[in-house]
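Welcome! Keep the structure open beside you as you read.

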Amino acid sequence: MTELVRRMNIVAALLLCASMLTGFLVLVPGNSEAQGLDGWIVGTVTDESSNPVEAYVLVMMMMSGGDPSGGFWTDPSGNFNFTVYGGLEYIVLAGNGSYYMNSTAVTSVADVEVRADITLTPIAPLVADVVINGYVKDTDGNPVTGGNVIGYVTDPANMGEGMPLYGNMTQPDVTGLFSVNIIAGAVGGGVATFDFVGYGSGENKTEDPLISGMTYWLNLTLGTPVNTDDARVSGHVYDSDTGLPLPNAIVQYNSDNQWNQGNEYSNFTFTDSLGYYEMNVTNGTADLWFSRAGYSMNMIEKFDVNASDDLVFDAWLVPLTATIMGNVTDGSTGLGVGMARVFSMDFLGNLSMAITSSSGAYTLETFDGTGMAVGAEGDGYSRSWSMVDIAPGETLWIDFVVWPVDAWMNGTVIDKYSRLPVANASLQMSSLVYQDWTNANPMGEYNFTALVSGDYTLQVWATDYRQYNEPVTVVPGANSWVVELTPWDIPDSCRLYGWINDSDSGAPLSGAQMEIGIGPTDHDETNWTSTNGAGYYEMWIPAIPLMWVANASNHEHASGAFDATALTEVEVSASLVPDLWMPNITRWDQAPLENVSTVRPSVTDIEFDEDDVQSMQLWHFGFWYNAGPWDYFISIQALFTSFDPLAWPSNDVPYSVVGDHYTVHYEWAAQTTGGLLWNGTDSQYLPSWTVSMGPYTYDGLRGWYMNASSPIWQSGTMYFDRSTGVAYTYQFDMGGEQADLSDPTGVFAPEAQVVQKDPGSSTWSWIGSQQIGQWSVLGLQFTFDSTVPSGEYLMVFGVGDWGNHGMGDSSLLTVDNNPPVADAGSDQTADAGIPTMLDGTGSSDNVGLVSYMWEYIDDLGDPVVLYGATASTTFNAVGSYDVTLTVRDAAGNENSDTLTVTVGDTVPPVADAGPDQNMMAGEFVYFDASASSDNVGIVNWTWTFTSDGVDYTLWGVNVSFIFNLDPETVVVTLIVTDAEGNSDTDTMTVEIAGWIPEFPTLLIPVMLIAAVVVIASRRKR
């Protein structure tokens, strides 16, 4: 475990002690030496409707383990008033059996009343339906009364907003019997006592689920504390800058020992005007704390105090010369987290702390320094911290995001081979947003009670065992995981020996390799050796079940398994079949090789023959840069399939096999897991991997980090927030603190595999792992994009057999993932019936366009589709038409653009009244305007003329008329009009001759009457 992790455990223990139930309830013994009381904390306890609540109120010093004034009930109006030491930080806790407990933090001021009002939320009876009953008795079995019992639940999914626990209080009756209602909890809960005069605190709890509607019995036994002050501690407290003594500093002593029946002993005092303190204390394993307003806290931890010891401890407190401000927010809701603890520490024992307001805001007065840890944690939340440098007088703004715990995990730690429990193992769960630690008990059982669901690495340490590292996905709620530890020193108590020869000739194979191992999931226990000239080998191995693989050049391999348990020697011999042939690639079809895209994948079909395949690999490399005769390519995708029974399982290359004939079919749509690393100036597409944490996603890049204070490259992983692209954290492979991403001297060098290729041939060679540039961490971002950028790519396929033969090939691909830009031109106006030109020649593409398609819906509702960079179409009706141009490049990438064509009609029709006519009076004259025309259509034909002094008007394409009996010349005018009111005229002449002689005279009056009727009827229009 790294030093930072160890130190953070200390901080976590320190800060949590102020909020853990038993820590809240420890009161300072009455013989504490202290200065006078000179301040007051007053307040009112109300419900959410501002109604007063009679509640039990407890006021405790933030860093002293309690307050000599103890706790009291409010008056009927919910008011309370505590006399306290001025200038100190306190926690005020209020509880009532019908309400959720709540608390607040306050700093007292000498000679001033400071308010600490508290609002309690009513408990819904249908929710608090778990009953805990029990008796409070002393060690002789007598009832103990007069104090308070709190029932609590440790379920992280059901915490009260202001407390780490759900709590409900009650008091025992005269028989010591109590009953308290609490809510259900999947990971248990319990009961605890406080304020029983003359007794220490007691607790009884269970980690089994508390089920809704059930009743549980948890009795409490209290012992009278044996607070034998048989030792003494004393010393001075100084200002670390001036060396002057510090009066009125608080010195707190905490210990536990067998004489106190398992309860902690606590005492505190204040320094005098010379900075001197002394107090009598109970022996045990102790911690000593020093604090004073305006200064850091200092701690001396885990020292042994024996009876009659007279120990001297001096402390130097660091003045608070700088300020850190910010907010602590809930990562799942974005809301502020109240009562969270924010701290700074320098790993030299100095610590400062602040409590957030109800909105999550904090102001932390701190000391200056370099390489300081600044962090935040809240009850029921994950921890978060960073490393900072802060100068005297400087104010830093640091926001913290913590995550609500919503899961728990338990299990056992066992020996992988004996299956026996491993006692007292240390376990650590680490994710991007949270870390938690615990220890296994003597039975190997462990329990992580508060986790944030997501992806973790579980690390386990135990004496004489290899470190355990496994990825674990934690789901909300209950989780279970069995840890199987491999002993570091599995005794090599069994001799493995044998001969390896050629199966055909029986001749020994010199230099053949025999490898043994536990299996593909544990590479720590592998061993191998080579045969001598006689084909003989031997090695010492652990007496456990093992697997073996034998192979030699130009031979097929052999493998198997054996159980060496309780054996002192094992013979494993192998006859290897000769294999002089490399894998035979019989087919390599790949198309297309150019203009590959997400919609036009390159399809590769490879077939080969091989009866002893060891591995297959398929790589894609993206062009990086050219230097002289070589092009350099970065690996962006690596697929690997292994047939080694001792290797990690991998089967990435898609294949099928029939006998010895293998077929690989792979479609690459120019996509992979990766994205663009950029800083506003440069950019580079790189492979990445994805880590999910609750609703959030992070992208990881392997690489190296260094800065001015540590100018040596250190390997690790840079994580970026998928939603913002901003660098989130850099985690070193060696563990410990994370890199400071605000350091202007910090540099990140991503890492990738590189090959070089001769651009003029198919020759290429492997370079290996390389740093892909060096990037300042300031402003560094990563944009996830599974679509690879356009450019040149190299695909490499290889297959190898166990006889050390290999075969492969490569191909160059060009990727075009850049969509074209369609340009349908500007909106147009057009005349109906007149051809309109559509021009898409303004469209463009980085490679070239291969298709132009125009689409619109005509006036009849039918689709019209045209092709070509330019196209002509005719709109037959007035209206507005949206015409969409879709262009496509050779890679199948498309883009569309739409223009609007507004169609009107400004073209007048052409009138044609027909030829002049010569008629006899009394004959029908027929007028024909059918030769008239219009670009859309004529809607009106009007004929006008004057005959015998009378004006006539006729309508229609074809009309007729009988003129009078006298000869005359009549000029007839035709007016044609279209729907838009455009018109045109034309005239024709009718020459009327005399009367038709043979026409029956009797019919003349009839015809005149008919003509008049016709004229009259037409004039009615």
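Methionine 339 lies in the loop that links strand 25 (322-330) to strand 26. Its phi is near 60 degrees, which is a positive value in a residue other than glycine. Methionine 339 is also buried, with a relative accessible area of 17%. Please keep in mind that this is a predicted model.

**How confident is the prediction?**

- Across the protein chain the mean pLDDT is 85, and 89% of the residues reach 70 or more.
- Residues 156-164 call for care: their pLDDT stays under 50, and the model gives them 25 contacts beyond four places in sequence.
- Another such stretch is 998-1021, with pLDDT below 50 and 19 contacts beyond near neighbours in sequence.

**Another loop residue with positive phi**

- Asparagine 248 has a phi near 60 degrees, again a positive value in a residue other than glycine.
- Look for asparagine 248 in the loop between strand 17 (231-239) and strand 18 (250-256).
- Is asparagine 248 buried or partly exposed? With a relative accessible area of 39%, asparagine 248 is partly exposed.

**Strand 29 and its partners**

- Strand 26 (residues 341-345) pairs with strand 29 in the antiparallel sense, over five bridges.
- Within that pairing, serine 344 stands opposite valine 374 of strand 29.
- Strand 29 also pairs with strand 30 (residues 383-390), antiparallel and over seven bridges.
- Here alanine 373 has methionine 387 in strand 30 as its bridge partner.
- Strand 29 and strand 30 form a hairpin with five residues between the strands, and glycine 380 in this hairpin takes a positive phi near 85 degrees.

**Strand 50 and its partners**

- Strand 50 (residues 602-609) is mostly covered, with six of its eight residues buried.
- Strand 49 (residues 584-591) runs antiparallel to strand 50, and seven bridges pair them.
- Valine 603 stands opposite glutamate 667 in strand 54.
- The loop between strand 49 and strand 50 holds proline 592.
- The peptide bond leading from alanine 591 to proline 592 is cis, with omega near -5 degrees.

- Five bridges hold the antiparallel pairing of strand 34 (residues 426-430) with strand 35.
- For a landmark, find methionine 429, which stands opposite aspartate 436 in strand 35.

- Strand 67 and strand 73 (residues 894-904) run parallel and are joined by four bridges.
- Aspartate 831 stands opposite glycine 904 in strand 73.

- Threonine 44 belongs to strand 1 (residues 39-47), and its relative accessible area of 17% makes it buried.
- Although threonine 44 and serine 77 are 33 residues apart in sequence, their C-alpha atoms are 7.7 Å apart in space.
- Beyond its neighbours within four places in sequence, threonine 44 has contacts that include Ser77, Phe80, Arg115 and Asp117.
- Serine 688 sits in the loop between strand 56 (683-687) and strand 57 (689-693).
- At 10% relative accessibility, serine 688 counts as buried.
- Leaving aside neighbours within four places in sequence, the contacts of serine 688 include Thr673, Asp699, Phe782 and Phe784.

Terms used: Residues numbered from 1 in each chain as written. Predicted model: local features only at pLDDT ≥ 70, side-chain atom pairs only at ≥ 80, totals over all residues. Heavy atoms only, no water. Pairing = 2+ DSSP bridges. Helix = DSSP H or I, 4+ residues; strand = E, 2+ residues; numbered from the N terminus. Buried < 20%, exposed > 50% of the residue type's maximum accessible area, 1.4 Å probe, protein only. pLDDT = per-residue confidence, 0-100. Contact = heavy atoms within 4.5 Å.
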